[in-house]
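Morning, everyone. I have one structure to go through today, and I will take it piece by piece. Please have the sequence and the model up while I talk.

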Amino acid sequence: MRGLPEAVSTRAVLVGVSEYDALEPLPAVLNNLPALAGALTGEQSWGLAPEHCTVVAEPSSPRALLDPVAQAARDARDTLLVYFAGHGLTDDRGELFLGLPHSRHGLGYTGVPYSMLRGAIMAGRAQRHVIVLDCCFSGKALGLMGGSVADQAEIDGSYLLAAAPETGLALAPPGERYTAFTGELLEVLERGIDGCGPWLDLESVYRQLRLVLGAKGRPLPQKRDRNAAGRLLLGRNLGYRPRAAGAGGPAEHWPDPDSVESAGDFVGALGEVRVASGLTMRAIGDRAQPAMSASAVSALLNRDTLPRTWTSTGTFLHACGLPADEVERWRLVWERVKEVPAARPTAPTGLGREPLPAPVTSRGWRARFTRRRNEAGER
């Protein structure tokens, strides 16, 4: 399911190194790990079970770091998140490696080359990957995404969030509880973003981090994403303020069905309703009258054509919590879209001709919904 990951099939591995033999210590890293684990296991975020969020503190060897990542990659089916905080170093070829307690400058074999971390991540079958690097030179990993982690993800792709540019330094300011980058990340997760919609996606979080860190004169984070991975939701926006009752127009909490133009849009919009409701497919099925199985809800949200009858769609919308007048708006849109003739297949483009435009899919709705939400937050 696009949007918020399913907790039971999602895994996170949080790695931190604060003590070094030959490098400056980073005591704030030890505070990063439990705080971020608390955010990911909290009800307002992914709601991971504690055993599905592995914390690896002070790994003494490459295997101590990579084994938990490889295990989580094997277990994850929806999303895999891997986070590293510590010293980022470069070897004699200028390639990034992650510092371990015994690492030395310029000696890649004393740490974990990023390419090895990438290999451990790709050992599994997760549909989405989120990689967060809070270390110096972490932007170097951006160039390693192509043809590997990002391009091989099956559904919504991969997202790499780096605390510093390719040649830049990350900060662990003395006296601050967290490192500069992770501290702001936690602030967003715990307090939200004013003027943004009810949910936080990766792209919104990234823009907020650049805004806040830039205002403080600190290193600007970098990102790389594939296949619209930035739409992946991190949790509820605790800074969201709903529109006052009686303000007019559709409720901000729900997608606006009037923007639906095709069957693909309609199905994608139903997925947005599920995300906005904050309910799992099983919970929606239990609330439905008459009850629906979780598989029936999943089939409704993952089809490629317009639902043939209105009954199951109306039942689903009521179970998600839409008011009766909103459900009626959706029914009218369903009637309208039902009358739209299906597009005829077009012959493939020949050599030297302009490529055919991509067909509108359910993801197109997601892009428009996110764009409208972000634009509303910027006004």
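Let me start in a loop. Proline 290 sits between helix 8, residues 281-287, and helix 9, residues 294-301. The peptide bond that joins glutamine 289 to proline 290 is cis, with omega at about 0°. Keep in mind that this is a predicted model.

Glutamate 58 is not a glycine, yet its phi is positive, about 55°.

Now the overall picture. How many helices and strands does the protein chain have? The secondary structure comes to 12 helices and 11 strands. The protein chain has 379 residues, and 50% of them count as buried. As for contacts between residues at least 6 apart in sequence, 73% join residues that are at least 24 apart.

Next, two helix pairs. Helix 1 covers residues 28-41 and helix 5 covers residues 180-191; their axes come within 11 Å and cross at roughly 25°. Angles under 35 degrees count as roughly parallel, so helix 1 and helix 5 are roughly parallel to each other. The crossing of helix 1 past helix 5 is left-handed. Which residues meet there? From helix 1 we have Asn32, Ala35, Leu36 and Ala39, and from helix 5 Thr182, Leu185, Leu186 and Leu189. By class, that contact of helix 1 with helix 5 has 6 nonpolar residues, 2 polar and no charged.

The other pair is helix 10, residues 311-320, with helix 11, residues 324-338. Helix 10 and helix 11 pack at an angle of about 150°, and their axes are 10 Å apart. Parallel or antiparallel? An angle over 145 degrees counts as roughly antiparallel, and therefore that is the description for helix 10 and helix 11. Helix 10 passes helix 11 in a right-handed crossing. On the helix 10 side the contact is made by Gly314, Leu317 and His318, and on the helix 11 side by Ala324, Val327 and Trp330. The contact of helix 10 with helix 11 divides into 4 nonpolar and 2 polar residues, with no charged ones.

Staying with helix 10, threonine 311 is placed in that helix. Buried or exposed? Threonine 311 has a relative accessible area of 58%, so it is exposed. Threonine 311 and arginine 331 are 20 residues apart in sequence, and their C-alpha atoms are 9.8 Å apart in space.

The last item is glutamate 203, which has its place in helix 6, residues 202-215. Its relative accessibility is 19%, and buried means under 20%, so glutamate 203 counts as buried. Which residues is glutamate 203 in contact with, once its neighbours within four places in sequence are left aside? They are Tyr159, Lys223 and Gly230. With lysine 223 there is a polar contact between the side chains, at 3.3 Å.

That is what I have. I will take questions now.

Conventions:
Residues are numbered from 1 along each chain as its sequence is written. This is a predicted model: local features need pLDDT of at least 70, side-chain atom pairs count only at pLDDT 80 or more; totals for chains, interfaces and linings use all residues. Side-chain values use heavy atoms; hydrogens and water are left out. Axes are lines fitted to C-alpha atoms, for helices over the stretch in contact, and angles run from 0 to 180 degrees between N-to-C directions. Helices (H or I, at least four residues) and strands (E, at least two) are DSSP runs, numbered from the N terminus. Angles under 35 degrees count as roughly parallel, over 145 as roughly antiparallel, 65 to 115 as roughly perpendicular and the rest as oblique. A crossing is left-handed if the near helix is turned anticlockwise from the far one by less than a right angle, and right-handed if clockwise. Contact means heavy atoms within 4.5 Å. Ala, Val, Leu, Ile, Met, Phe, Trp, Tyr, Cys and Pro count as nonpolar, Asp, Glu, Lys and Arg as charged, and the others, Gly among them, as polar. Buried means under 20% relative accessible area, exposed over 50%, partly exposed in between (1.4 Å probe, protein chains only). A polar contact is a pair of N or O atoms within 3.5 Å; within protein, one must be able to donate a hydrogen and the other to accept it, and residues adjacent in sequence count only if both atoms are side-chain atoms.
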